[in-house]
Amino acid sequence: MTPLPPTVLVLDADPPPRLGRLTGRARIVRTDAAHLARRLPAADVLLVWDFTSHAVREAWPGDGPRPRWVHTASAGVDHLMCPELAASDTVVTNARGIFEQPVAEYVAALVLAVAKDLPRTLAHQREHTWRHRETRRVAGTHACVVGSGPVGRAIVRALKALEVRTALVGRVPKTGIHGPDDLDRLISRADWVIAAAPLTERTYRMFDTHRFGVMQPSAFFVNVGRGGLVDEDALVRALERRWIAGAALDVFAAEPLPGDSPLWELPGLIVSPHMSGDTVGWRDRLGEQFVELYERWAAGRPLRNVVDKTRGYVPGR
């Protein structure tokens with residue numbers, strides 16, 4: 001009797017992943033959040049395609065077998081981790097390698113747009129106003145990038161190409177990477193403070209009233225990491241009181257950002273809808289990455305992008 005192929009359970013989102021290459025090699029079962037708990041025991045693999053959902057964290061505890069491997073089509077894993085998953089033998093992988101360069105390009109674009117006052121130029125154009133101004137040089141300014149993973153390192157490379165003097169802060173100090181004890185000193189000197197860290201117990205709301213108070217009045221803050229890195233009320237106060245010059249948020253504590261959030265109208269704040277890493281064809285690349293990982297898993301080869309479930313990210317430098 002021919003053994004049945006492994007069952008891949010997909011926590012779906014629209015548009016669904018293209019998994020045609022797995023035809024005959026895997027049994028693809030799609031589910032929504034409401035039916036996830038019921039279908040988990042029959043799955044060998046779980047693909048978290050809807051990486052905005054917290055359904056895995058809610059459905060994982062319970063009776064019965066659990067998938068041997070969980071892959072999330074995102075860099076962050078905080079949306080799916082729970083104590084039961086962290087303590088299990090299940091391997092968790094993420095989409096490391098897909099978003100790093102696009103996010104870095106987005107940060108560089110923000111730095112250039114702010115330094116060259118492009119938002120006000122566009123506003124004046126809409127008003128048919130001719131108003132000559134001077135703008136800032138980017139070369140020679142200082143940036144502190146918080147988060148020494150692949151995204152943070154890609155941001156450093158992009159900013160160095162603009163001749164920005166950069167300092168990188170990670171969980172522990174290493175060659176070329178500062179530790180958390182240096183953070184306040186570095187952000188107090190920085191023209192650009194960029195948050196690109198994973199969301200963990202250590203990093204939750206690390207940018208708070210104290211940190212915004214340490215920054216220079218001319219500093220610009222960018223968050224392309226996770227929304228939970230920032231105390232949003234503290235950021236509102238910092239901008240209203242002009243403790244810092246401005247900010248750009250691509251991620252938020254609640255997504256989509258509610259229509260009545262004060263962040264929409266906050267002077268000096270640029271709001272973007274969690275899009276810094278999403279370039280044309282990104283979903284296809286995510287699907288291809290999962291298929292390649294599945295082929296390794298089915299062949300018994302070691303998986304790439306394995307998350308340290310106690311730390312909440314893929315260990316690296």
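Tutor: The largest nonpolar core has 47 residues, and Ile 155, Ile 194 and Phe 290 touch the most other members. A nonpolar core here is a set of buried Ala, Val, Leu, Ile, Met, Phe, Trp, Tyr and Cys residues joined through side-chain atoms within 4.5 Å; buried means under 20% relative accessible area, exposed over 50%, and partly exposed in between, with a 1.4 Å probe and protein chains only. At least two core residues come from each of β1 (7–11), β3 (45–48), α4 (100–115), β6 (142–146), α6 (150–161), β8 (192–195), β9 (220–223) and α10 (282–298). Helices (H or I, at least four residues) and strands (E, at least two) are DSSP runs numbered from the N terminus.

The model is predicted: local features need pLDDT of at least 70, side-chain atom pairs count only at pLDDT 80 or more, and totals for chains, interfaces and linings use all residues. Residues are numbered from 1 along each chain as its sequence is written, and side-chain values use heavy atoms, with hydrogens and water left out.

Beyond its neighbours within four places in sequence, Phe 290 is in contact (heavy atoms within 4.5 Å) with Val 8, Leu 19, Leu 22, Val 45, Leu 47, Trp 69 and His 71. Another core, of 32 residues, lies apart from the largest one; Cys 144, Ala 219, Ala 234 and Leu 257 are among its members.

Ala 234 is also one of the buried residues of helix α9 (residues 232–240), along with Glu 232, Leu 235, Val 236, Ala 238 and Leu 239. These buried residues of α9 pack against α8 (209–214), β10 and β11. After α9 comes Arg 242, with a positive phi near 60 degrees.
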